[in-house]
Amino acid sequence: MSWAHVGTVILAAFLASLVEFVEALTIVFAVGTTRGWRSALIGAGAGALFLTVLTLAVGPALQRIPLASLQLVVGALLLLFGMRWLRKAILRAGGVIGLHDEAAIYAKQTAALARHRGGTPPPPLRAPLDRVSLATSFKAVTLEGLEVIFIVIATGAGGLLAPAAVGAALAGSLVILAGLGLRRPVARVPENTLKFAVGVLLSAFGVFWVGEGRGFPWPGEDLALLGLVAGFTVVALLAVAAVRRSPPQALAVRPARQA
Amino acid sequence: MNAVAAALRELWGLFVEDASLTLGILVCLVIAAFAFPELGLRDAWRGPLLFVLLALVLLENVRRSARP
C-alpha cells in the first residue's frame, strides 16, 4: 500500500466529511440559536451516540465479508454517491442549478423554527426539553453522520479504515472548532468547490474498488488511483466548460436543493 | 413509522438523484462484469475502459440536464 494511496484516502475522507459536518453544524446552530441550546445539544449528542452504537455494531461484521466482495459492493455504491455529487457540482459550477448556500439554509431553518415557536425568545438553559429541537438536531446529526460513516467505510475499503477515520475525525474536529470560534455556521467553506473535488475523489475510488473487486489489474497498481483522479478532473472540467458554452436559453435555472 | 420511511428516503437519496445517471452507472458496471471477459480484452485495459464508459455516461447526463 503506497503513501500516495494512504494520502488520497485521508484527503478524500477529510474533504467529504468536512462537507457533511458543515451541513450538520449549520442545522444544530439554527436550532440552538432559535429554540435554545440545551435541547439542540442533547439532540446532537443523542445522534452522535446512536451513530457510535451503530458503528460498533456493524463495524466488526464488515471485517467478515471477503475483501473482493466488499470492494465491489462499496465501489458500486461509491460510484453512485460520488458521481451524483460530481454531476451536481458540475451543474452548479456551470450555472444550471443554484449554489448551495449554508448562510441561506441557516436563515431558512432559523425562520422556520422561530415560526414554530410563535416568535417567543429561546428558552433558558434549564428549561424543559423541546421535542422539535431534539428531533431536528438528532435527525441532522444522524443523517449527515451516516454519510460520514459511509464515506469512511467506502474510502477505507481496501484495509485503510484507520486513515479514512483519521481524515473524517480531523474534518469533524476542524468544523466543531471553527463553529465554536465563530459562534455561527461555517458559511465561508467554498462548498461547491469542495463537492467538486470530493465527487472526483469518490468517483475515482469507486472505479478503482470495482476494478479491484473484479480482479482487473490496474496499470501502475495503486498509482492508477491518481490517474483516475486526474481523469475524472479533466472530464468534469470539460463538462463544466460544455455546460457554460450552452446557449443562454438552454440554461434552465432551477432552485438549489440541499446536499 | 414515518421517521423510518423518511430515513429510508434520505438513504435512497444518498445514491439516487437522477434515475438515468444511476441506471447508466449500473449498466456500465454490468458491462464491466459480464461483457468485458467475453470481449477478449486484455486484462490491463478493463479498468481504464470502465472509466471511459463512466465518463461518457457523466458527460451525456450533464449535457442532457443542461437542456431546458
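A:Glu221 is exposed because 12 other C-beta atoms lie within 10 Å of its own, and a residue counts as exposed at 12 or fewer. In this predicted model, the residue sits in the loop that links H7 and H8 of chain A. The backbone of A:Glu221 is marked by a phi near 50°, a positive value in a residue that is not glycine.

Helix H7 (191–214) and H8 of chain A each supply at least two residues of the side that touches chain B, as do helix H3 (67–93) and helix H5 (131–155). Of the elements of chain A, H3(A) gives the most to this side, with eleven residues. Altogether, 35 residues of chain A are in contact with 29 residues of chain B. By class, the side of chain A that touches chain B comprises 26 nonpolar, five polar and four charged residues.

Chain A has an average pLDDT of 81, and 82% of its residues score at least 70. Helix H8 (residues 224–245) of chain A has the highest confidence, at a mean of 92, whereas helix H4 (residues 102–117) of chain A has the lowest, at 68. Over residues 249–259 of chain A, the pLDDT is below 50. Where pLDDT is low, the predicted coordinates should not be read in detail.

Methods: Residues are numbered from 1 along each chain as its sequence is written. Chains are lettered from A and ligands numbered from 1 in the order in which they are written. This is a predicted model: local features need pLDDT of at least 70, side-chain atom pairs count only at pLDDT 80 or more; totals for chains, interfaces and linings use all residues. pLDDT is the predictor's confidence in each residue, from 0 to 100. Helices (H or I, at least four residues) and strands (E, at least two) are DSSP runs, numbered from the N terminus. Two residues are in contact if their C-beta atoms, placed from the backbone, lie within 7 Å. Ala, Val, Leu, Ile, Met, Phe, Trp, Tyr, Cys and Pro count as nonpolar, Asp, Glu, Lys and Arg as charged, and the others, Gly among them, as polar. A residue is buried if 20 or more other C-beta atoms lie within 10 Å of its own, exposed if 12 or fewer, and partly exposed in between; C-beta atoms are placed from the backbone.
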